[in-house]
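This briefing goes through selected features of one protein chain. Please have the sequence and the 3D view open while reading.

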Amino acid sequence: MFRKMRLLDYKVTDSITRIQCRFLDKLMVYSTYAGTGALIWWLIFAVPFVISQTYRYTGITMIVALGVNYLLGEVIIKKTVGRGRPSNLIDEDEMKINKPKDNSFPSGHTASSFCAFTVTLWNCPVYFWLPALVIACLISFSRLYLRVHYLSDVIGGILLGLTDGSLICLIFNNLIFV
């Protein structure tokens with residue numbers, strides 16, 4: 001099974017290199033930078049939600065969910081798995097961004113994006129969660145496009161983000177903010 005997954009990872013990485021163009025290069029670099037440190041989620045969702053009377057609890061939920069997501073993904077899972085990145089196999093001059101120095105699995109950009117999306121899905125109307133989903137997908141794809149993650153890293157990030165976001169929402173919506 002792992003062999004098949006690895007082959008699929010390599011095939012997807014190779015296929016994505018064939019669609020590269022200047023427009024996508026710029027869009028993907030901006031998208032990946034927006035997801036770095038969950039920056040976009042802090043700036044356009046978490047902080048404005050906390051400031052808003054209507055969505056304050058959603059903002060607090062998102063902050064806690066992003067914190068839990070970071071601890072599980074970046075501190076525990078990434079260090080435990082220790083998987084190398086596809087960018088380790090690429091020359092520096094072929095990269096469109098600086099090569100990340102940490103491990104690959106799971107994608108932290110993807111995990112935080114889908115964690116934030118999940119919190120909006122649970123707590124907000126469609127006009128909040130639909131743009132959050134589009135942004136999360138764009139950031140996740142940028143990690144594949146820029147060859148800093150394999151498909152399985154991104155899938156792992158999606159699953160981690162959906163799980164963390166849902167669990168924190170269940171806890172907060174049913175136990176804390178009752």
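The model is predicted.

**Nonpolar patch and helix α3**

- Helix α3, which spans residues 39-51, supplies six residues, the largest share of the patch.
- With a relative accessibility of 43%, Ile44 counts as partly exposed, because its value falls between the limits of 20% for buried and 50% for exposed.

**Packing of α3 and α4**

- Two packed helices are described by the angle between their axes and the distance between the axes.
- The axes of α3 and helix α4 (residues 56-81) come within 6 Å and cross at roughly 135 degrees.
- That angle makes α3 oblique to α4, because only angles over 145 degrees would count as roughly antiparallel and those from 65 to 115 degrees as roughly perpendicular.
- The α3 and α4 crossing is left-handed.

**Gly161**

- Gly161 belongs to helix α7, residues 151-176.
- Its relative accessible area is 0%, so Gly161 is buried.
- Between the C-alpha atoms of Gly161 and Tyr70 the separation is 9.7 Å, although the two residues are 91 residues apart along the chain.

**Salt bridges**

- Arg18 pairs with Asp14 in a salt bridge, and their closest N and O atoms are 2.7 Å apart.
- In this pair, Arg18 is exposed at 62% relative accessibility, whereas Asp14 is partly exposed at 39%.
- Lys96 and Asp25 form a salt bridge through their side chains, at 4.0 Å from N to O.
- This pair links distant parts of the chain, 71 residues apart: Lys96 is in the loop between α4 and α5 (108-123), and Asp25 is in helix α2 (residues 22-35).
- Lys96 has a relative accessible area of 30% and is partly exposed.
- Another salt bridge joins Asp153 and Arg83, with 2.8 Å between the closest N and O atoms.
- Asp153 lies in helix α7 and Arg83 in the loop between α4 and α5, so their pairing ties together parts 70 residues apart in sequence.
- Asp153 and Arg83 are both buried.
- A network of salt bridges links Glu74, Lys78, Arg85 and Asp102.

Key: Residues numbered from 1 in each chain as written. Predicted model: local features only at pLDDT ≥ 70, side-chain atom pairs only at ≥ 80, totals over all residues. Heavy atoms only, no water. Helix = DSSP H or I, 4+ residues; strand = E, 2+ residues; numbered from the N terminus. Buried < 20%, exposed > 50% of the residue type's maximum accessible area, 1.4 Å probe, protein only. Axes fitted to C-alpha atoms, helices over the stretch in contact; angles between N-to-C directions. Parallel < 35°, antiparallel > 145°, perpendicular 65-115°, else oblique. Left-handed = near helix turned anticlockwise from the far one by under 90°.
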